[in-house]
Amino acid sequence: MKKVEAIIKPFKLDDVKESLSALGVKGLTVTEVKGFGRQRGHREVYRGAEYQVDFVSKIKIEVVLEDELVSDAVRVIQEKAKTGQIGDGKIFILSVENAIRIRTGEMGKEAI
Amino acid sequence: MARSLPWEKENNERRELMNTGDTAFVLVSSALVMLMTPGLALFYGGMVRGKNVLGTIMQSYIILALITLEWVLWGYSLSFGPDHGGLIGGLDWFGLRGVGMEPHETYGPTVPHLAFMVFQCMFAVITPALITGAFAERMRFNSFLLFTLLWATFVYNPLAHWVWGSGGWMSKMGAMDFAGGTVVHISSGVSALAAALVVGRRLGYGSTAYIPHNLPMTITGAALLWFGWFGFNAGSALAANGLAASAFVVTHIASAVAALSWLLVEWVHRGKPTTLGAASGAVAGLVAITPGSGFVGPASAIFIGGLAGVICYGGVMLKGKLGYDDSLDVVGIHGFGGTWGALATGLFASKAVNSAGSDGLFFGNPGQLGVQFVSVLATIVFAFGMTLILLKVVDWITGIRVTDEDEEKGMDISMHDEKGYSY
C-alpha cells in the first residue's frame with residue numbers, strides 16, 4: 001500500500017481527478033496549500049506599494065493506493081498536471097503501513 | 001376663526017417661508033450622507049487584513065451612534081449655536097433646546113431647523129470616522145471612543161463653527177467651503193497624520209505585507225461613498241434648486257475624472273491599472289470637489305478632479321518615503337485632496353455659478369486664493385496641534401495602543417471577541 005502525494009497547479013485539479021477516477025481510484029483528499037519551489041512568487045501592488053508574495057497557491061492531492069495501481073496513477077497525474085512551465089509541482093510516493101475504515105473496521109486493501 | 005396672537009402670526013409667517021421641496025431634499029440628502037459612514041466602514045474594512053475586518057468596520061459604525069448623541073447633546077450647539085467671538089457657539093442649544101420645526105433664519109431659511117441639524121449631524125459623524133483609517137489595526141477600542149468624543153468636541157465643533165457657524169471667523173473672512181473641504185477633509189487628513197505619528201507603525205512594518213483582504217468590499221464601500229456624496233455636496237445647497245443640481249453635476253464629474261487620472265498615473269508608474277486605484281481615485285475626486293462644489297462649473301470640475309487623482313496618488317506615495325504608517329491613506333487622500341480642493345476653490349470659483357460666493361483667481365479675483373490659503377493653514381495648524389494634544393491625553397488616561405500580542409491576534413478577537421469569517 002502506498003500513498004501518492006501530488007502538489008499541482010490548482011486549475012489542473014479537475015483533469016487529474018477525472019483521470020484518477022477513470023483508473024478506478026475510489027477516493028482522494030484535496031487540500032489548498034501554499035509553498036515555494038523553483039517558480040518564483042508574484043508581485044502585488046496596492047495603491048502603488050509593491051509587495052513580493054513568495055508563497056504560491058497550489059493544490060495537494062493525497063491518495064492511498066494498492067501497489068499495482070501506483071505506477072499508473074503517477075503516470076496520469078504527471079500527464080494531466082503538466083503544462084511544461086516551471087511550477088507544475090511534484091509527486092511523492094510514501095509507504096503506508098495499514099488503513100482502517102472507521103465505519104466497519106475493515107483493514108488494509110479492503111479499507112481503501 | 002380664533003383671534004391670532006402676535007407670536008402666532010410670526011410663526012405663521014415663518015411657516016409660509018418653509019418650502020416642502022427644499023425640506024424633502026434636505027431630509028433625503030441627510031439620509032444619503034448617513035449611508036456614507038457605513039460605506040466608509042466597508043471601504044476601510046476591505047483594505048485591512050481579515051483578522052481586523054470587524055475592528056475596522058466597528059470604528060466607523062459605532063461613530064454613527066456615538067457622535068449622533070454628542071451632536072444632539074452639545075455638538076450642534078457648539079458648532080452652530082449663538083456665536084462667541086467668532087470662535088465657538090454657546091451651549092444655548094444644549095440638547096437641541098430651541099431647535100425646532102421652524103426654520104432658522106441663517107441655516108436653511110426654507111427648511112425646518114431640525115432638518116438642517118440632522119443634515120449637519122451626518123457630517124459630524126463621518127469626519128472622525130475618516131480618521132480611523134490612519135490608526136486601523138492597532139488602536140484600543142476604549143481609547144478610540146474617548147479620542148473620538150474629545151476630537152468631535154474640541155476639533156470638529158470649533159472648526160464647523162469657524163467655517164459655517166453664523167459669526168464664525170473664517171466665514172466672516174470670506175473663506176469659501178461649500179460642503180466641508182476644510183472642516184471635513186483637511187481636518188481629518190491632518191489629524192490622521194498626527195494619529196499615525198502618535199500611535200506608531202503597525203507590527204512588522206517594512207517586513208509584513210499589509211495586503212487588503214477583500215477588495216470587492218472596498219469597491220462596494222467606494223460606490224456607496226460616491227452615491228452618498230451627492231447628498232453631501234448637492235444637499236449643502238440646502239434647497240432643491242439650480243445650485244443643488246450644479247453641485248450634483250460637478251461632484252459626479254470630478255469623481256469620474258479623478259478615477260481615470262489615478263488609474264492612468266498608476267498604470268504608467270507601476271505598469272498595471274488596479275481596481276483599488278479606480279476606487280481610490282473616485283474618492284480623491286469627491287474629496288477635492290467638496291469645498292468648491294457650490295462655486296465651480298463643469299469645466300473646472302474636470303480640472304479639479306483630474307489633478308486630484310495625480311496629487312492624491314503622490315500623497316499616498318509620500319508615506320513610504322517619510323516612513324509614517326497611515327494604514328489606509330487618510331493623509332494622502334483626505335489631507336492632500338482636501339487641501340487641493342480648498343485652494344482650487346480659490347482658483348476656479350465663479351459668481352456665475354453662485355452669486356453668493358466670490359470669484360476665484362481665474363475669474364479675476366486673486367485675493368480669494370489668499371483667503372483660501374489662510375483658511376487651509378489655520379485648519380492644518382489647529383487640527384494637527386489639537387489632535388496631538390488629545391491623543392497624548394488619551395494615551396495618558398487609557399493607553400492608546402493594543403499590546404503586541406493583541407495586535408498579532410487581530411482586533412476582531414482581541415477587542416470584540418468575534419471573527420468576521422468563520423471559514
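At what angle do helix H9 (residues 242-270) and helix H11 (residues 298-322) of chain B pack, and how far apart are their axes? The angle is about 35°, and the axes sit 7 Å apart. Keep in mind that this is a predicted model.

- H9(B) and H11(B) cross in a right-handed way.
- On the H9(B) side, the contact residues include Val250(B), Ile253(B), Ala254(B), Ala258(B), Ser261(B) and Trp262(B).
- H11(B) brings in, among others, Ala301(B), Ile304(B), Gly305(B), Ala308(B), Gly309(B) and Tyr313(B).
- Sorted by class, this contact has 16 nonpolar, five polar and one charged residues.

**Nonpolar cores**
- The largest nonpolar core counts 134 residues, and the ones with the most contacts inside it are Leu225(B), Ala254(B), Ala288(B), Ile304(B) and Ala308(B).
- Skipping neighbours within four places in sequence, Ile304(B) is in contact with Ala254(B), Ala288(B), Ile289(B), Gly292(B), Val296(B), Gly341(B), Ala344(B) and Phe348(B).
- Ala254(B) and Ile304(B) also turn up in the contact of H9(B) with H11(B).
- Another core, of 12 residues, lies apart from the largest one; Val16(A), Leu20(A), Ile61(A) and Leu65(A) are among its members.

**The chain A sheet and its helices**
- Four strands of chain A make an open sheet in the order S2-S5-S1-S6, with antiparallel pairing.
- Strand S2 (29-35) and strand S6 (89-95) are the edges, each pairing on one side only.
- On average, neighbouring strands here are turned by 20° against each other, ignoring direction.
- S2(A) and strand S5 (residues 56-65) of chain A share seven bridges in the antiparallel sense, and Thr29(A) has Glu62(A) in S5(A) as its bridge partner.
- Helix H1 (residues 13-23) of chain A packs on this sheet, touching strand S1 (2-8), S2 and S5, and its direction makes about 10° with that of S5(A).
- Helix H2 (residues 67-81) of chain A packs on the sheet too, touching S1, S5 and S6, and its direction makes about 5° with that of S1(A).

**Where the chains meet**
- Eight residues of chain A are in contact with 16 residues of chain B.
- Strand S3 (42-46) and strand S4 (49-53) of chain A each supply at least two residues of the chain A side.

Key: Residues numbered from 1 in each chain as written. Chains lettered and ligands numbered in written order. Predicted model: local features only at pLDDT ≥ 70, side-chain atom pairs only at ≥ 80, totals over all residues. Contact = placed C-beta atoms within 7 Å. Core = buried A, V, L, I, M, F, W, Y, C linked by C-beta atoms within 7 Å. Buried ≥ 20, exposed ≤ 12 C-beta atoms within 10 Å, placed from the backbone. Pairing = 2+ DSSP bridges. Axes fitted to C-alpha atoms, helices over the stretch in contact; angles between N-to-C directions. Left-handed = near helix turned anticlockwise from the far one by under 90°. Nonpolar A, V, L, I, M, F, W, Y, C, P; charged D, E, K, R; others polar.
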